[in-house]
Amino acid sequence: MTEVLPYALEDAGSPPSLVPDYRSTGLRSPSLAPLPLQQTLTETTGPTGCWDQLMGGAMADLTAQHEAPPQGQRIVVSGRVLDDRGRPVPNTVMEIWQANAAGRYIHGKDNWDAPLDPNFTGAGRVITDDQGRYSYTTIRPGAYPWGNHKNAWRPAHIHLSLLGPAFSTRLVTQLYFPDDPLIEIDPIANAVPMPYRNRMVCRFDIATTVPNWALGYLFDVVLKGRDQTPFEDDHHDH
């Protein structure tokens, strides 16, 4: 039997390509060792300062995209995007997608018995400022069942995609919430070993909580290096 190798042997925090408890990885894991490829300008460069031209303006408030407000608990998520030396990564885009407060996505294949919210799309994007800081407003997503095993539920989470300064630094990850009991029994979250898994959990922050309106959470993202935020592999659930 051919040994299945993890994506990044040098980073103990990277999820392996094969996680037996996460069933679909058994069908999608590579059976051969990865081949090193020489990087070109396509991988080592990327758009800078022109995201509004490529993608349109920022969509940093996911609660204000429709005529009426969505259902659920409003939250403000903020933090910094950093490189492997702890330096801020300015003017880079963070894409956001998530389920609604009932745990349902606006997706043709998501048909479990939970209501759709006509006032919540669940997609947005924000661009970091000159100090690598970002902030977006959304609804705390709900948990939802999935078919991995009997009575399987995904913890509440927000999907994030960041490009950083170049296409080769793209990071796709999930943000989890503190004190969620489902994290401990979730095969996707547990594909990332401790203590690295803690880097995927945001922190409640009273300083960024908006009085009488929204709870605040902090979540810093490190694109590469020893303190890298663990990435989400290509076997994600949605």
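Trainee: Why is Y144 called buried?

Mentor: Its relative accessible area is 1%. Buried means under 20%, exposed over 50%, partly exposed in between, with a 1.4 Å probe and protein chains only. So Y144 counts as buried. This is a predicted model, where local features need pLDDT of at least 70, side-chain atom pairs count only at pLDDT 80 or more, and totals for chains, interfaces and linings use all residues. Residues are numbered from 1 along each chain as its sequence is written, and side-chain values use heavy atoms, with hydrogens and water left out.

Trainee: Why is Y105 called buried?

Mentor: Y105 has 7% relative accessibility, so it counts as buried.

Trainee: What makes Y22 and W146 an edge-to-face aromatic pair?

Mentor: Rings of Phe, Tyr and Trp (its six-membered ring) pair if their centres lie within 6.5 Å; planes under 30 degrees apart are stacked, over 60 edge-to-face, the rest tilted. By this rule there are six aromatic pairs. Y22 and W146 sit 5.7 Å centre to centre, with 75° between the planes. So the pair is edge-to-face. Both residues, Y22 and W146, are buried.

Trainee: What makes Y105 and Y144 edge-to-face?

Mentor: Their centres are 5.5 Å apart and their planes make 75°.
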